[in-house]
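This report covers helix packing, a sheet and a chain interface. Please keep the sequence and the structure in view while reading.

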Amino acid sequence: MNDYLQTAFSGWIGVLLLGSGLAVPYLLRRSPGAKAPYLRRMWPHYWLGYLTFFASFAHAWFAMRSGNMRGMNLSGVWIATVALFVILWQIGVGLLLRDPAQSKRRALRRLHFWTMALGAGLIVVHVVLNRP
Amino acid sequence: MDTQQFRINETSLKWFIFLAVLVAVAVWAVRGVLVRAQQMSTADTTMSAFASISPGSSAKAVVRLESVKGNELKGTLLVRQSDTVYLSPSERTPPAIAVLTSDTSVVMGKSQDIAVGAVVQLGGTIDANHVLQTNQVVILTGYVRVSQKQGDSP
């Protein structure tokens, strides 16, 4: 049961961090009276992104360390694995966007948005397929 | 007297709604996890204890199903070593017999998961023939490991 609790809580913490990280840019976008530039005010978004990856990695570690995959939906496990790499890719794109002098900002923002949509979709499918 | 009205600006309202949604989702997730954890808390009923349960009493047992014929289940009662490890008895023991009833609920899986080889926790009432009339089947396949005989490392 401890294995289940660790896996379940780390997974849901990852989901909450992802949801928060996803919402923060929209909440910060129009802040009347904000003095700091938008990219500097986005620091919670950056940290939520990094923490999402670490929580997801911990979740995968807790789930797989027992080495017992019987009874689990393997498609869901593969989808979660892809989602973990998508999160890592998303961090990479995000790091490029942090540069204020980034010349391909428009294209990268679009990529960042659609990567987020893909990652969130994969995680929803993983939750549906692998929830006990 | 101060008649200043309580006012909240748009930015604060957005953050308030965001935090409220976050807290609501967190509470829902934690509750779901704890309810499932409670359902997963496995029984530790030995064969001798199971055999001595009097008719009409409620019982819980973790078994590996050896036969599934319609609503009748037969299985080997497993001995608990830890939350996730169960031992199959080294000597041959009489099978635990259970019957699925119309009230039986299946937890952590589907009815299709009740098959030969599955590890399940059966909960219900012992009848006069010492058959367990189940009201709950918890599918433990994949969540617990079964070691073949006592003394084996899990």
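The buried residues of α4(A) pack against α3 (43-64) and α5 (105-130) of chain A. Here helices are DSSP runs of H or I with at least four residues, and strands are runs of E with at least two, numbered from the N terminus. A residue is buried if 20 or more other C-beta atoms lie within 10 Å of its own, exposed if 12 or fewer, and partly exposed in between, with C-beta atoms placed from the backbone. In α4(A), the buried residues are I79(A), A80(A), A83(A), L84(A), I87(A) and Q90(A).

The model is predicted: local features need pLDDT of at least 70 and side-chain atom pairs pLDDT 80 or more, while totals for chains, interfaces and linings use all residues. Residues are numbered from 1 along each chain as its sequence is written, and chains are lettered from A and ligands numbered from 1 in the order in which they are written.

Chain A has five helices and zero strands. Of its 132 residues, 23% count as buried.

Chain B holds an open sheet of three strands in the order β3-β4-β8, with mixed pairing; strands pair if DSSP finds at least two bridges between them. β3(B) and β8(B) stand at the edges, each with a single partner strand, so one side of each has no neighbour in the sheet.

| Strand of chain B | Residues |
|---|---|
| β3(B) | 79-80 |
| β4(B) | 85-87 |
| β8(B) | 145-147 |

Two bridges join β3(B) to β4(B), and these strands run antiparallel. V79(B) has L87(B) as its bridge partner in β4(B).

At the interface, 21 residues of chain A are in contact (C-beta atoms, placed from the backbone, within 7 Å) with 20 residues of chain B.

Terms used. Contact = placed C-beta atoms within 7 Å.
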